[in-house]
Structure formats: C-alpha cells, structure tokens
Amino acid sequence: MPAADFTLASQYIQHIGDQVAAKGVAVPLWLQQSGLPGNWLDEPAQSITLPVFERLVGEAISMTREPAIGLLVGERLLVNTHGMLGYAAMSSVTIRQMLELFEHFIRLRIALITARHEVHDDEVRLRFTEVLPLGDIRRPVLECVLLAVKNVLDFITMGSCRLGYVAFPFERPDYAVLAEGLFKCEVRYGQSWAGFSLPPDQLDTPLKMADPAAFQEAALICRRELDKLSANESLSARVQRVLLEKQNGFPSLAVTARLFHMTPRTLHRRLQQEGTSFQDILEQLRHTLALEHLKANRLSIQEIAYALGYTDIANFRRAFKRWQALPPSEYRIAQQRR
C-alpha cells in the first residue's frame, strides 16, 4: 500500500496514547521513540504514514510490556469514537444494515482492513481481511478492530445479540482468558480467518434505536467522505482493493477495467504511469494470500492453488518458488517449526 493511501482516524492514536499513559509510560517519550514530536497529539487531525503507525504500535507494546494492548485499546473504542460511521451505525434499522455499513465504509476509519459478512444456515460470519500483510502489528490491530466492532454491536442491540464465537488466525496468546472476558464468548485461535459469528435469526430483527431518516443522512455523508478519499487514492490501490474483495474469484483485466469505467488499454496505461501493472498487482496479492494460507495451515496446497485462481497446481508451485525461493510445502514445514 502506497504511503499516500494509508488512512487512520487520528482519534485512534489518541486512544493508544491514553492506554500507554495508563500503563505509566510518558506519552511524549512514546511518541519520540516512534519518530514523532513529543507534542504531536496536541495538534488536531494529524495524519501519519503506515511505517510510523507500525512503530507506534510496536513501541506501545514494548514500552508498556503489555502484549494485550490491542484488546485494551479496543475496549475503549465505543460507538461514539467512530465519527459519522458510528453515528450511522447507531441509527441502523437492523444488524444486517449495520454490517453492510461497515463493509462499505470501514475504510473511512482504517484503511488496513476490509469487512465482509457471509450468511450461512447456522451462522452469520463477519470476516475481516488485511489489505496487506500487517506483520508484527497483525495481532493487536485485529484484536482492536474486532473488539471495537463488537462494542458497536452491543450498543445498537442493547447487549441482546451475543456473539457465537470469535476467530483469530494466530496462535493462542497467554492472555487468552482476558480476550474471552472482553468478547464474552468463546475465542478460537489458529483459524483460517479473522472475525466473529452471529446468530442468523437476529440479522433482520428491527432494532429499538432504529432511525431510518438519520441513518440515510449519515450514510450519505459517509458516501461523500469515501468519494473524496477515493479521488485522492492511487488507481493501483483501488485495483488492489477490488481484487481483494473478490479474492474467491479474481476478475480479469477486462472485467476490472469495466468496474472502473475504463477500457483495458486505458487501465493498463494508467497503472503503468504509477509504475505497476494489473499482473503485478494480482501477483503481489496472490503471493500475500498464499503466505497467509500456508501459515494458517487450514487448506491443502491444492486447495490454496485453486483459491488463488490456479487451475494447475504445478503453476502455483512454480510461482511460489519464484516468490520465496522454495516450494510451498517446504515453506509450510518451516512455518510449523517456528
């Protein structure tokens, strides 16, 4: 993700700072250790780059010696901390409408995660997917985002909708009991996805706080904010987002160009001007998802190849060897030994 395409509401940095302070660490020192001026939070509506955000999170964990800082920050993020997105959520008519709202507009608050809900016979899953590998901050970011969204759900349903379980794609931490206490449900680790399960019978039950007119007005403002954000976002980042949202069946260059109201030639030329190509973006995304699937160890290599759009597993193996200089089977074994 180009630095210019990274967005994060500055209020969230303030909440991390509040948690740092609560642990007895001086906030100016934490900011300076992360490469920012000690009075950085005194200026309203500040923006940061992705590398600086990564340092802020890493230093927060290191300096407080609190590995569960993602959960502790997420607990602080109530519905009124999410700006117009939170206001729209408060006015939602149903849980389904609230889930769709976050699917469309979560990027207004954080550009690192996408959301998508899936309706199954016995459960509804709200899945959160990384736009790019989050590396060392993956665990705290996912924990924070999931708990923050759960807080919104609690508010709009007045606590009547209980999660079935929470799923995380990393190993069980030492503070797992804390996570279960905050989510108030089973937390499953080592899963192939991140998100939570909801009861399907409550998806379309009218909410007591529903205000259709207020919802439509707030959603319209969110749409305008998103259009403004998208206008300043690089085309390559927008293409990457479209591919990620449709990762169970990547669209072709022609289909993608049509989604952007362009000809394939125009899309190719515009991407070249940004120093990339449709194939480069698709290749990078396949590489990223292949690594995540292999680390999760839930799908066979053949299933991973199919999920990434390879009809011939040999082509997937060749591509992976080009990316990592070793076959996918050896990479998986090496990950399991860590």
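I take buried to mean under 20% relative accessible area. The model I am reading is predicted.

**Entry 1: aromatic pairs**

I looked up the aromatic pairs and found ten in the structure. I started with F320 and W323, which pair edge-to-face, with 6.1 Å centre to centre and 70° between the planes. F320 and W323 sit about one helical turn from each other, because they are three residues apart in helix α15 (residues 313-324). I checked the burial of the two and noted both F320 and W323 as buried.

F320 has a further partner in Y331, again edge-to-face, at 5.5 Å centre to centre with 70° between the planes. This pair connects distant parts of the chain: F320 belongs to helix α15 and Y331 to helix α16 (residues 328-336), eleven residues apart. Are F320 and Y331 buried or exposed? I read a relative accessible area of 0% for F320, so F320 is buried. For Y331 the relative accessibility is 9%, so Y331 counts as buried too.

I then looked up the wider grouping. F320, W323 and Y331 belong to one aromatic cluster together with Y310 and F316.

**Entry 2: helices α1 and α4**

I turned to the packing of helix α1 (residues 10-22) with helix α4 (residues 69-76). Their axes are 9 Å apart, and the angle is about 120°. I recorded the crossing of α1 and α4 as right-handed.

Which residues meet in this contact? From α1 I listed H15, I16, D18, Q19 and A22, and from α4 I listed I69, L72, V73 and R76. Sorted by type, the residues of the contact come to five nonpolar, two polar and two charged.

I also looked up how covered α4 is. Six of its eight residues are buried, which makes α4 mostly covered. The buried ones in α4 are I69, G70, L71, L72, V73 and G74. These buried residues pack against α1, and also against α3 (50-64), α7 (138-156) and α8 (176-183).

**Entry 3: A60**

I picked A60 next, which lies in helix α3. A60 has a relative accessibility of 1%, so A60 counts as buried. Which residues does A60 contact, leaving aside neighbours within four places in sequence? I found I16, V20, W30 and I69.

A60 and K23 are 37 residues apart in sequence, and their C-alpha atoms are 9.7 Å apart in space.

**Entry 4: cysteines**

A disulfide is a covalent bond between the sulfur atoms of two cysteines. How many disulfides does the structure have? I counted zero.

I checked C144, which is in no disulfide, and found its nearest cysteine sulfur in C185, 16 Å away. With a relative accessible area of 13%, C144 is buried.

The cut-off I applied is 2.5 Å between cysteine sulfur atoms. C161 is buried as well, with a relative accessible area of 2%.

Conventions. Residues are numbered from 1 along each chain as its sequence is written. This is a predicted model: local features need pLDDT of at least 70, side-chain atom pairs count only at pLDDT 80 or more; totals for chains, interfaces and linings use all residues. Side-chain values use heavy atoms; hydrogens and water are left out. Axes are lines fitted to C-alpha atoms, for helices over the stretch in contact, and angles run from 0 to 180 degrees between N-to-C directions. Helices (H or I, at least four residues) and strands (E, at least two) are DSSP runs, numbered from the N terminus. A crossing is left-handed if the near helix is turned anticlockwise from the far one by less than a right angle, and right-handed if clockwise. Contact means heavy atoms within 4.5 Å. Ala, Val, Leu, Ile, Met, Phe, Trp, Tyr, Cys and Pro count as nonpolar, Asp, Glu, Lys and Arg as charged, and the others, Gly among them, as polar. Buried means under 20% relative accessible area, exposed over 50%, partly exposed in between (1.4 Å probe, protein chains only). Rings of Phe, Tyr and Trp (its six-membered ring) pair if their centres lie within 6.5 Å; planes under 30 degrees apart count as stacked, over 60 as edge-to-face and the rest as tilted.
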